[in-house]
Amino acid sequence: MENTPRPATSSADTILVIGAGGQLGLELTHELRQLYGASNVVAADVRAPKNEEVQQAGPFELLDVLDKPRLENVIRQYKPKQVYHLAALLSATAEKNPKFGWQLNMDGLFNVLDAAVDLGVQQVYWPSSIAVFGPDTPRHHTPQLTVMNPNTVYGISKLAGEQWCEWYFRKHNLDVRSLRYPGLIGYKSLPGGGTTDYAVDIYHKAVAGQPYECFLKKDTYLPMMYMPDALKATLDLMHAPADRLTVRSSYNLGAMSFSPAEITTSICRHYPEFHTTYQSDSRQQIADSWPASIDDTQARHDWGWQPHFTLDKMTDDMLLHLRQLLAEPAHVA
């Protein structure tokens, strides 16, 4: 991964990734094992991931983050220096099951933060989201500090979580770090119930030779990020000196913003016959309450954040890897 130096660490240092079977968890676990050594990165999830690499490449533990005694036992066993807590119920899924969404997203975070304080974990990473913003937030170049007022269960839980992370930093001196991810796009896992997941599914449909029916309107702009940039941002933040960090709630993070119509145009450079139809559903209302673009000046200033991928560059890479995964010969337009 570009420009992500390995931090000073001993071979005995261990990292625990909770939610390692998810979209971000799969790829972050792989990158961490490349950096620290496979045996030093413990993958954990509520179920065995379909991707066998996560289990076979290094230690794996079945773990429900709501089971605090089990969580504490895993931490006592492996004594991790860092915990990446990624387990969550995403936006569209949480709206269908709001009380469980709140329970998983909040009680899971409390369990991790309390265990870290009680058992001596040095660093905790917890992802936030653009879902913390709401319909009263400035939609363009949304600033780090602004009116938030989220109107989804996912966004409410993430905003509350940000405040708790900052509180644990102030009250317990726990080194908690967080990023407000935009929509994440990657080729290694299928959509997981988020409002921005259309931008993953659409590539799969293109490679399969199928049209795509989008659940958002064609001109709906949302902040997005390709997975390699998300991984780089996460690791760069975690490797940054603590005294450089001025945000202990969660950093704004940006890369690109585009609409379903624009991603369709980008795909059509490779598949001229591909087309998208539009049938908006309940996720449109969620998208309309989120920013169209993000101001991440603070992240750029504090720890040097710079994205690498543009829309067309991401499209080229996504289609290349999806064709390889599906053993499809390269398409010639």
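Asn111 sits in helix α5, residues 98–119. Helices here are DSSP runs of H or I with at least four residues, strands are runs of E with at least two, and both are numbered from the N terminus. Before I go on: this is a predicted model, where local features need pLDDT of at least 70, side-chain atom pairs count only at pLDDT 80 or more, and totals for chains, interfaces and linings use all residues. Residues are numbered from 1 along each chain as its sequence is written, and side-chain values use heavy atoms, with hydrogens and water left out.

Back to Asn111. Is this residue buried or exposed? Asn111 is buried, at a relative accessible area of 11%. Buried means under 20% relative accessible area, exposed means over 50%, and partly exposed is in between, with a 1.4 Å probe and protein chains only. Leaving aside neighbours within four places in sequence, Asn111 is in contact (heavy atoms within 4.5 Å) with Val65, Leu66, Asp67, Lys68 and Leu71. A polar atom of the Asn111 side chain lies 2.9 Å from the backbone oxygen of Val65. A polar contact is a pair of N or O atoms within 3.5 Å; within protein, one must be able to donate a hydrogen and the other to accept it, and residues adjacent in sequence count only if both atoms are side-chain atoms.

Next, strand β2, residues 41–45. Five of its five residues are buried, so β2 is largely enclosed by the rest of the structure. Val41, Ala43 and Asp45 point one way from the strand, while Val42 and Ala44 point the other way. Strand β1, residues 15–18, runs parallel to β2, and four bridges join them. Two strands pair if DSSP finds at least two bridges between them. Val17 has Ala43 in β2 as its bridge partner. Between β1 and β2 the chain crosses through helix α1, residues 23–36, in a right-handed β-α-β crossover. Right-handed means that, with the strands pointing away from the viewer, the path from the first strand over the helix to the second runs clockwise. β2 also pairs with strand β3, residues 60–62, in the parallel sense over three bridges. There, Ala43 stands opposite Phe60.

Now a separate topic, an open sheet. It has three strands in the order β9-β11-β13, with mixed pairing. β9 (183–185) and β13 (256–258) are the edge strands, each pairing on one side only. β11, residues 222–226, pairs with β13 in the antiparallel sense over three bridges. The bridge partner of Leu222 in β13 is Phe258.

Phe258 also takes us to the cores. A nonpolar core is a set of buried Ala, Val, Leu, Ile, Met, Phe, Trp, Tyr and Cys residues joined through side-chain atoms within 4.5 Å. The largest has 65 residues, and Phe258 and Tyr198 are among those with the most contacts inside it. Helix α7, residues 198–207, gives the most to this core, with seven residues.

Last, two loop residues. Lys79, between α3 (68–78) and β4 (82–85), has a positive phi near 50 degrees and is exposed at 64%. His141 has a positive phi of about 55 degrees and is exposed at 56%.
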